[in-house]
Amino acid sequence: MRQNTPPVFPDLAMLAAHLRSELENKKVILLYAYNGTGKTRLSMAFKDEGKKTIYRPFSVGDHVGQPLTITETTSDTLYFNAFTEDLFHWNNDLEGDEDRRLLLNRDSRFFQGLFELEMDNRIRPLLQRYTDFDFRIDTEEWAIRFLRTLDGQLIDNIKVSRGEENIFIWCFFLAIVQLALDGADAYQWVKYVYIDDPISSLDEHNAITVGSHLAQLLNKADNPLKVMISSHHPLFFNVMHNELDVRKSRKVAAYFLSRSRVNGSYSLAYTGATPFFHHVAILSELYKAEQTGELYTYHFNMLRSVLEKSASFHGFSNFSACIAQDADDPERILHSRLINILSHGNYSLFEPQPMLDENKTYFRKILHDFLKRYPFNPDLFPQQIEEGEEKL
């Protein structure tokens, strides 16, 4: 779809139907969209498009008292989104404060293979890629208990951090995707996989790790599944774009999804092969983080990446050329040194460290000077000059 005018869809149901029709000739579709566009709602609309209602006669295995004809709703989409995370919820043992466990929603088809497919042995090697805690699944209580060894001592029934919980759920999901790829009976119903923002709580390094691992899984020659992936994370999108080789593969497509502020319609624009789109997307994420004040140490890594890409685009050999006008400007030298130092820290995966207030000031100064020097679409950075000057 390399049209000059992007196709427009009046609602998410029409968009989901279009994406399903396109997947008849594709293996994977990547979508990039800003937060608030409707990615999670699109994933549910896509799932709903695959629902079918069937009617079957009463059988021996059904409960006594049911009608002779039973209505069942089937689906063909395995999805990972905010609703998937809601299938897991904590019991923190408020009375005893000892037996903390993550409970599973036993009514979901997500857990169909829990009993007979040794899920713990399938999840564990995936989890070990990202973290050092362990777990065990209690199939009688439908619960998961976590444990960790610290200083040679095993600590049981721990409550893991939110980031660790998210990565565990992600690994659980990947194990199920692998079962669906292998044709396990419990997941024969899976024809489509929809993944929405799997790395919302991870830093840049692990966005690359997760994206690369996922691409390896999807690139298998015998993969029978059709896959949708949507994200607001520019680096993750870029990794998937490269790992799935969008520029060369006819079986993979990548689009920018946007929503009209006028009438609420949705449009898909072909992202092309240029990295500049990702450059702007990263810059937009940095701007939003700066505006909210939610700045973390890893944002300096992202800022350095933007400066390096900009310097290369303009023919300079060093990112410092994009910081200030004069080569011997003391501020330029100081900011260059700060970025060099602050973009090479060993930052935590699950607990990103907030920037110090002093570093926030430097970050804002560098970012807003850059935006003043290189004009971008004001719709993406609506108040950067006025608000930047007030904060500085």
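Trainee: Why is Asp-97 called partly exposed?

Mentor: The relative accessible area of Asp-97 is 48%. Buried means under 20%, exposed over 50% and partly exposed in between, with a 1.4 Å probe and protein chains only; Asp-97 is therefore partly exposed. The model is a predicted one, in which local features need pLDDT of at least 70 and side-chain atom pairs pLDDT 80 or more, while totals for chains, interfaces and linings use all residues. Residues are numbered from 1 along each chain as its sequence is written, and side-chain values use heavy atoms, without hydrogens and water.

Trainee: What makes Asp-93 buried?

Mentor: Asp-93 has a relative accessible area of 19%, so it counts as buried. Asp-93 is found in the loop between strand S6 (88–91) and strand S7 (101–104), and Asp-97 lies in the loop between S6 and S7; strands are DSSP runs (E, at least two residues), as are helices (H or I, at least four), numbered from the N terminus.

Trainee: What is the phi of Asp-93?

Mentor: Phi is positive, about 50°, in Asp-93, and near 55° in Asp-97. Most residues other than glycine have a negative phi.

Trainee: Why is H4 called oblique to H5?

Mentor: Helix H4 (residues 119–127) and helix H5 (residues 162–181) pack at about 120°, an angle between N-to-C directions on a scale from 0 to 180 degrees, with axes fitted to C-alpha atoms over the stretch in contact. Under 35 degrees is roughly parallel, over 145 roughly antiparallel, 65 to 115 roughly perpendicular and the rest oblique; H4 is therefore oblique to H5.
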